[in-house]
Amino acid sequence: MKKQKDHRIFIKNKKASYEYIILEKYIAGIVLKGTEIKSIRQGKVSINEAYCTFEKGELFVKNMNINPYEQGSYNNHLPIRDRKLLLTRRELARLQSKVLEAGLTIVPLSLFINEKGLAKLEIALVRGKKAYDKRETIRRRDEERYLARSHDDF
């Protein structure tokens, strides 16, 4: 029996929880080229500037940077291009109707490889935070850090 390599790729968008209030989460598949999945398995991905938009009833992720694969030669992909996301028809219709509401958008939260070896993107329906919400988030994080330190002293 062959042992499979343990690919624990998990790329997180750290800015998302700071910049947005997360309303709903979804797991979506991504349509990728061969060299893109190889680069993802090497962890050469950035989703910090990425966002999702609808075009002709289909959901696409934009500004997701997947660095070119080192051994890709002339078959290599473009680092930043629109990539189609795979969701059920019901989920797409629900998201599209929510995005039409004012102030809601879709952003990727994390990119990971599931147990079958497929790349999945966790996306969320979000609303932008105001400046006072961001200050509240910082204050809460500082309090948790202080409490964690004070418990370590005992």
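I66 lies in strand β6 (residues 65-66). Helices (H or I, at least four residues) and strands (E, at least two) are DSSP runs, numbered from the N terminus. The model is predicted: local features need pLDDT of at least 70, side-chain atom pairs count only at pLDDT 80 or more, and totals for chains, interfaces and linings use all residues. Residues are numbered from 1 along each chain as its sequence is written, and side-chain values use heavy atoms, with hydrogens and water left out.

I66 is buried, at 0% relative accessibility. Buried means under 20% relative accessible area, exposed over 50%, and partly exposed in between (1.4 Å probe, protein chains only). Beyond its neighbours within four places in sequence, I66 is in contact with L32, E36, S39, I40, K44, V45, H77, P79 and R83. Contact means heavy atoms within 4.5 Å. I66 and R81 are 15 residues apart along the chain, and their C-alpha atoms are separated by 9.0 Å.

L59 belongs to strand β5 (residues 58-62). L59 is also buried, with a relative accessible area of 0%. Outside the four places on either side in sequence, its contacts are C52, T53, F54, R83, K84, L85, L87, L92, L95, I106 and I123. D82 is 23 residues from L59 in sequence, with a C-alpha to C-alpha distance of 9.7 Å.

Strand β9 (residues 119-128) is largely enclosed by the rest of the structure, because 7 of its 10 residues are buried. Strand β2 (residues 20-30) runs antiparallel to β9 and is joined to it by 9 bridges. Two strands pair if DSSP finds at least two bridges between them. I27 stands opposite E122 in β9. Strand β8 (residues 104-113) also pairs with β9 in the antiparallel sense, over 9 bridges. Here V107 has A124 of β9 as its bridge partner. β8 and β9 form a hairpin with 5 residues between them. In the turn, G117 has a positive phi of about 90°.

Overall, the protein chain holds 4 helices and 9 strands. Their order along the sequence is β-α-β-α-β-β-β-β-β-α-β-β-α. The C-alpha atoms fill a box of roughly 55 × 45 × 30 Å, taken along the principal axes. Of the 154 residues in the protein chain, 34% are buried. Among contacts between residues at least 6 apart in sequence, 67% join residues at least 24 apart.
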